[in-house]
Every structure is written in structure tokens, then in C-alpha cells.
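Let's take a friendly walk through how the parts of this model meet one another. Keep the viewer open as you read.

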Amino acid sequence: MQSKRKIRVLIAKPGLDSHDRGAKVVARALRDAGMEVIYTGLRQTPEQIVETALQEDVDVIGLSILSGAHRALFPRIMELLKEKGLTEVMVFAGGIIPDEDVPEMKKLGIKEIFGPGTPTEKIIEFVLQNMPKKA
Amino acid sequence: MPELSKIEEISQGVVAGDRRSIARAITIIENDAPEAKTLISKIYSHTGKAHIIGLTGPSGSGKSTLIEKIVREYRRRGKSVGVVAVDPTSPFTGGAFLGDRIRMQELSTDEGVFIRSMATRNYPGGIAKATRDAVKILDAAGKDIVIVETVGAGQSEVEIIKVAETIVVIHAPGLGDDIQAIKAGLMEIADIFVVNKADRENAEKAITDIQAMLQLNTKEKAWKPPVLKTVALTGEGVPQLIEKLEEHRTFLKREKIGEKSLLRAETELVEAIKEKAVNSIIEELKREGKFQETLQKIMAKEIDPSSAAEKLLHSKFKKAK
């Protein structure tokens, strides 16, 4: 019997800003590309995001942030993922993240950062190409 | 693909209640991986302890919000809870947007709660093919209560009866043509009715409508479905709902001694035999080349599919007769 694998993606909004248009557009684009997208709503703590990723056994996490708190929240999320053994999960981010912060974010293990104006096709293609090979 | 030792490890993890193992086990089942059957066979003896509750009703009636409050109330009473929340898969793209957790955000860091979102993957009837086995995983993992939230269901999405012991049908006033939304199928499967958003006008009318419908049931039943009022946003009426859920569970244990679970086991066995039989027959026909041959004849309009199937099966089972 063939395995019917689906890509499962968590789209999460850490921190306190309530601008979720971008997150919803990306969620919808990934859904229309045939993925199963879990969206958890606004104002998630790093603990909530990582626990949700664990329970939902996602392959990919997309973080959307526009509050400027990425330098505090992203390291915590990456640390918790490691702590819980979710090292295979691919993480990408989007929103307002200044160019000078990008190298630091990538060093944390965030695979890519998408700024405003990124075509959704580019994000879909990126997810498909960088899907972790999970057991 | 996980190897056998990995499956052993995961099933042991499930029985020990390890959350990562539970999550991975559900994925294996959802993907219908070859290991899924082994996994279920390993955990099966640990199932049967949880109270399995199905919650169904039309879109916008407040299922997710109510579940959040139900889970909280159970947690207050010291019970651990598993939730499987089902949302529809798009028949066009195969993708799905799973948003039930939005209403359950704060539960995600409670260690006594495990929530899993699940897409139907085009399985009909309001749940996913994997829902039943996902429930078994949560049951084997020691959850006292397992709640299944179906997709927004109208009339015929009654597949949930194959999964749950106690079925709660939820309705809300102002969802259109009053009781139309829950007329045929859903009316018949309910063990408990809930009129949610009971603070709205017309709530009383919704309750009276359901009660009137129930009175038309001429068949005498040992369990008469109660009609309850809740306001999921505030939690009003939820403790009373939990009381009724417990009452129904006691009733099931006392009165019908597992009549429903016998029915569920039977359905499951029949379905499993069907799947295996069909698969092996088709495989054999393909090996013999008869399948492709017949397919060509159907394409050429020499024979219709139904007659072709009859002919193929006849030739296959002739010897046995």
C-alpha cells in the first residue's frame, strides 16, 4: 500500500501585534498548493507555538511577526524546538524583519525570511524544495 | 518510513502517554503507512478505557468554542482529555485549513490535554478515515476523555456514530431555517442535544422545536435525549452538560452493556474485511492481466462496468462454489 503523505504546516503569530493579513494570505496559498495548514490565531507564546507543532506533528513552521520582537521571540522558539526534539522541523519567517537582522535569524536555524511583497508562489516553491525528509 | 523497531518505540511511547509519540503515531495512521496496522495491533489491548464523545452540528454553531469549555470543565474535575478536531479537505486542491485550535489556544500548554487537527482527506461523513484510529491512540495513551469534533455537519454526516459512544448534537439559534439544519440524520444520532448561544433571542424556540421533534419519536427508548442550553463564550451550562455526559456513560455501562460498541466493532470488522478482500481481488486480477483487459473493453463500450465486475467475480469464485 502506498503512503499518502501530506505536508503539514503550522502558521503561527508569536508576540503581540495583531496584523494577521500576511499570515492568512500565506496560509491560504499553502492550502491551495495542497498542504494541510494549521492556523492558531494571534498572540501566541513560544511555548504555545512549539507545543502545537509537537501535537500536530508538522513538517514546517511559518512564523509571522510585525512587532519587532523577533530578536527576543525567535531564539526562544528555536531553543524550545531543540529542547522538545523537534529538530527536523523546517522553520521560515515573514513580516517586518530588518535586513541587518536576517543573518542573525538564519544563524538560529531559521531557513528563510520573506519580506513584504514576496509573491506567494515563491514561498510555496521554497516550502516544497526545503521540506524536511522526516522518517 | 519508520522501521519496525521505530514502531515498537512509538507504540510504547503512546502507551506511556508520551506526547511526541502520540503525535507521530497519528501521523503514521493518517498517512496510511504500511506500519499503521502494526501500530494499531500493538496498542489495541490498551484501548477501551476512555469515554469517547462525538460533537457534531452545523458550521457556526460553536463546536470548537464549546469544546474548549468542556475540556476546561473536565480538567477542573481532574480528567485528562484528548481532542481530534476535523476540518474539510478541499476536493480540488487536496489542501486544508485547520483552524479549530484558534478557539482552543490556551489549552495547548496544558499537559493533560492533547489536541490534534485533522483534515478529512475527502473521506465522507464528517470525519476522516484516520479519526477512528486516532481516537484509539489517544485512548491507549490513557486519556480519560476523548472528544471528536466533526466538520460542520448538516444532515447526513453521521459517520461519527462509528467512532463515538456519546453523541452531542449542537445547534444554535439564528443559523437559518431553524431546525431544518438538523432534521433527518443528526436528529436520530443524538444522545444529547445542546442549543448553544442560548443568550440569543429565539433560543427558546430552538429548544421547543427540538423537543417537539423528539416527541414525534414513537419508538420507546430507554435513553431520552435531553435538550440543554449553553453559552459557550461564557461557559454557562457547561457543568450541566458534563453531568449529562457522565450520566449517559453510566447508562451505557448499565443498560445496554455495550450494544453500541458491539455495533461499532462489527462495522469496523466488516469494513476491514471489505478493504482487504477488495484489494487482494483487484491485485490478483491485475496480476492475471484480466483487470487491464476488462478496462479496455469498458473503454471500447463493449461491456458496462457493472456487468464486467460480475463477470470477473464469477470467474474468480466459480471454483469455490
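## Strands across the chains

Two strands pair if DSSP finds at least two bridges between them. Helices (H or I, at least four residues) and strands (E, at least two) are DSSP runs, numbered from the N terminus. With that in hand, look at strand 2 of chain A, which is joined by three bridges to strand 3 (residues 96–98) of chain B, the two running parallel. Within strand 3 of chain B, B:F97 is the residue that stands opposite A:V37.

A word on the background: this is a predicted model, where local features need pLDDT of at least 70 and side-chain atom pairs count only at pLDDT 80 or more, while totals for chains, interfaces and linings use all residues. Residues are numbered from 1 along each chain as its sequence is written, chains are lettered from A and ligands numbered from 1 in the order in which they are written, and side-chain values use heavy atoms, with hydrogens and water left out.

## The interface of chain A and chain B

Taking contact as heavy atoms within 4.5 Å, chain A and chain B each bring 34 residues to the meeting. The buried area is about 3000 Å², with 46% of it from carbon and sulfur atoms; buried area here is the accessible area (1.4 Å probe) that two parts lose on being put together, summed over both.

How many salt bridges does the rule find across the interface of chain A and chain B? There are seven, a salt bridge being a side-chain nitrogen of Lys or Arg within 4 Å of a carboxyl oxygen of Asp or Glu. One of them links A:R8 with B:E30 at 3.4 Å, N to O. On the chain A side, helix 1 (21–32), strand 2 (36–39) and helix 2 (46–56) are the elements that give two or more residues. Helix 2 of chain A supplies the largest share, seven residues. By class, this side has 14 charged, 10 polar and 10 nonpolar residues.

## A link inside chain A

A:R8 also forms a salt bridge with A:E56, at 2.8 Å, N to O. Because A:R8 sits in strand 1 (residues 8–12) of chain A and A:E56 in helix 2 of chain A, the pair ties together parts that are 48 residues apart in sequence. Over all chains, the count comes to 42 salt bridges.

## Domains of chain B

Chain B is assigned domain 1 (1–46), domain 2 (48–256) and domain 3 (265–317), with bounds from an automatic or database domain assignment. The C-alpha centres of domain 2 and domain 3 of chain B are 38 Å apart.

Between domain 2 and domain 3 of chain B, six residues of domain 2 are in contact with four of domain 3. About 370 Å² is buried there, carbon and sulfur atoms giving 33%. The rule finds four salt bridges across this interface. Elsewhere in the list of pairs, B:R132 and B:E271 form a salt bridge with their closest N and O atoms 2.7 Å apart.

Definitions and conventions: Ala, Val, Leu, Ile, Met, Phe, Trp, Tyr, Cys and Pro count as nonpolar, Asp, Glu, Lys and Arg as charged, and the others, Gly among them, as polar.
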